[in-house]
Amino acid sequence: MSRYRLQPSPAQEQALLEHCGHARYVWNLAVEQHACWKPGRRSAPGFAEQCRQLTEARAESAWLRVGSIIVQQQALKDFAQAMANYFGGTHRRPTWRRRGRGEGFRIVAVKADDVRRLSRHVGEVKVPKVGWIRFRWSRAVPDGVKSYRVTRDRAGRWHVAFAAVPAPVPAPGTGQVVGVDRGVAVSAALSTGETLHAPGLREAERAR
């Protein structure tokens, strides 16, 4: 992902803060739902069920309804991925999000004309319910942008990070098969006759 400095107008900044508030609110509701789950109880709702509940909540709440459904659904999608990472043992359990800390939201299904260049150092990105927001074109924007994330740091600065799938890199090699025998005196002995020696511990490290 490549990050660029956003330059929103005062009115646009208020709209971005509203998006952040919606994303934070939906995320915290998902955290609360899963916090109520205990072993033996019915499992907490998944992403599909939470999206259905979000539709009902938007129908009842004018504050949510005026926001972007994309922003709110992606907050649920990010939470579902965070829970999958937690159960996979790679990340900690998702926690509450506080106002002013880690503010941001994600937009997906970005079209090719949603990002455009105005001059050498100025570009624009189209944000749902906000419109075109300028950003500093500090380096080339990757081709084939599929999504982007808008964030606000503690100093009040806004950034946009574009995500794109890079082109596959062909793996080196000739396709030949080499056997490897791992050992103690010799770290690895290859069937080609080559031996590899991994660096060992220094004397101080060995004593410790």
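**Entry 1: α1 and α2**

I started with a handedness check: α1 and α2 make a right-handed crossing. I'm working from a predicted model, so I keep that in mind throughout. Next I looked up which residues touch. On the α1 side I found Val26, Ala30, Gln33 and His34, and on the α2 side Gln50, Gln53 and Leu54. Sorted by class, this contact of α1 with α2 has three nonpolar, four polar and no charged residues.

Then I went for the geometry. Helix α1 covers residues 10-35 and helix α2 covers residues 47-60; their axes come within 12 Å and cross at roughly 125°. That angle makes α1 oblique to α2.

**Entry 2: α2 and α4**

My next pair was α2 with helix α4, which spans residues 69-87. How far apart are their axes, and at what angle do they pack? I got 10 Å and about 150°. Angles over 145 degrees count as roughly antiparallel, so α2 and α4 are roughly antiparallel to each other. Their crossing is right-handed.

I listed the touching residues too. α2 brings Phe47, Gln50, Cys51, Leu54 and Arg58, while α4 brings Ile69, Gln72, Gln73, Leu76, Lys77, Phe79 and Ala80. By class, I have seven nonpolar, three polar and two charged residues in the contact of α2 with α4.

**Entry 3: α1 and α4**

I read off an angle of about 40° for α1 and α4, with the axes 8 Å apart. That makes α1 oblique to α4. The crossing of α1 and α4 is right-handed.

Which residues of α1 make this contact? I wrote down His19, His22, Ala23, Val26, Trp27, Ala30, Val31 and His34. From α4 come Val71, Gln72, Ala75, Leu76, Asp78, Phe79, Ala82 and Met83. The class tally for the contact of α1 with α4 is eleven nonpolar, four polar and one charged.

**Entry 4: the largest pocket**

I finished with pockets. What is the volume of the largest pocket? I noted about 240 Å³. Its lining is made of Trp27, Pro94, Thr95, Trp96, Arg97, Arg98, Arg101 and Gly102. I sorted this lining into three nonpolar, two polar and three charged residues.

Key: Residues are numbered from 1 along each chain as its sequence is written. This is a predicted model: local features need pLDDT of at least 70, side-chain atom pairs count only at pLDDT 80 or more; totals for chains, interfaces and linings use all residues. Side-chain values use heavy atoms; hydrogens and water are left out. Axes are lines fitted to C-alpha atoms, for helices over the stretch in contact, and angles run from 0 to 180 degrees between N-to-C directions. Helices (H or I, at least four residues) and strands (E, at least two) are DSSP runs, numbered from the N terminus. Angles under 35 degrees count as roughly parallel, over 145 as roughly antiparallel, 65 to 115 as roughly perpendicular and the rest as oblique. A crossing is left-handed if the near helix is turned anticlockwise from the far one by less than a right angle, and right-handed if clockwise. Contact means heavy atoms within 4.5 Å. Ala, Val, Leu, Ile, Met, Phe, Trp, Tyr, Cys and Pro count as nonpolar, Asp, Glu, Lys and Arg as charged, and the others, Gly among them, as polar. On a 1 Å grid over the protein atoms alone, a cavity is a set of points where a 1.4 Å probe fits but cannot get out, and a pocket is an open set with protein on both sides within 12 Å along at least five of seven lines; lining residues have an atom within 4 Å of a point. Grid points are joined across faces, edges and corners, and a volume is the space filled by probe spheres set on the points.
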